[in-house]
Amino acid sequence: MQFGDLKTEKAIQELNKYLLNNSYISGYTPSQADLTVFAELGKPPLPKFPSVQRWYRHIASFSDGEKKAWGGEVAKTASPAKAAPAPAAKDDDDDVDLFGSEDEEENAEAARIREERLAEYNAKKSKKPALIAKSSVILDVKPWDDETDMKQMETKVRSIEMDGLLWGASKLVPVGYGINKLQICCVIEDDKVSIDLLSDTIQEDEDHVQSVDIAAFNKI
């Protein structure tokens, strides 16, 4: 007779129903089957299982010597299913190539060479000077009249110094009525020199300069 796992109330309930009409687990006298179920229970059942409780007290009343003399078959109770043996671990040595393949060695070497060349390229690129934006400008600096000292005016213009400003060639260009204008070239760094600021600075020489115009402006 099987009752399931007697550690659960469901199995004890089944046993209680069975013992309601039976005095023992197997037959009409106590046997090894009773001892098996008794051991499976392990402790007295709860009062809500009166048939099992009666049977348990009855089996417990026998001495060890009397129990050894009992015959019969051992009761079949449900036992926890044995876990299936874990599959044998695959020998990883079969998949490991201790020496490596020639293809792997070639790929590693190619990757190393590629990384070295990339590093050399980046190093050269970082050392390359950054391109500085520059412009070539020609300014027309006009005097007040024909009595203006043009040489002194040019000296005043060239005395202006700014970071990123380089003065170049100059010449006097007639504008009429004996008046000449100073046409002077310069190269400026666009990020450092404002052409408007340069023009305003030249016009601060009010004794010589009437106006400043941009004759030409070209990116270098």
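A crossing is left-handed if the near helix is turned anticlockwise from the far one by less than a right angle, and right-handed if clockwise. The model is predicted: local features need pLDDT of at least 70 and side-chain atom pairs count only at pLDDT 80 or more, while totals for chains, interfaces and linings use all residues. Residues are numbered from 1 along each chain as its sequence is written, and side-chain values use heavy atoms, with hydrogens and water left out.

H2 passes H3 in a left-handed crossing. The contact (heavy atoms within 4.5 Å) joins Asp-34, Leu-35, Val-37, Phe-38 and Leu-41 of H2 to Val-52, Trp-55, Tyr-56, Ile-59 and Ala-60 of H3. By class, this contact of H2 with H3 has nine nonpolar, no polar and one charged residues. Ala, Val, Leu, Ile, Met, Phe, Trp, Tyr, Cys and Pro count as nonpolar, Asp, Glu, Lys and Arg as charged, and the others, Gly among them, as polar.

The packing geometry is tabulated here.

| Pair | Angle | Axes |
|---|---|---|
| H2 (residues 32-41) and H3 (residues 50-60) | about 110 degrees | 11 Å apart |
| H1 (residues 9-20) and H3 | roughly 75 degrees | within 7 Å |

H1 and H3 are therefore roughly perpendicular to each other (65 to 115 degrees). Their contact is made by Ile-12, Leu-15, Asn-16, Leu-19 and Leu-20 of H1 with Pro-50, Ser-51, Val-52, Arg-54 and Trp-55 of H3. The residues of this H1 with H3 contact divide into seven nonpolar, two polar and one charged.

Terms used:
Axes are lines fitted to C-alpha atoms, for helices over the stretch in contact, and angles run from 0 to 180 degrees between N-to-C directions. Helices (H or I, at least four residues) and strands (E, at least two) are DSSP runs, numbered from the N terminus. Angles under 35 degrees count as roughly parallel, over 145 as roughly antiparallel, 65 to 115 as roughly perpendicular and the rest as oblique.
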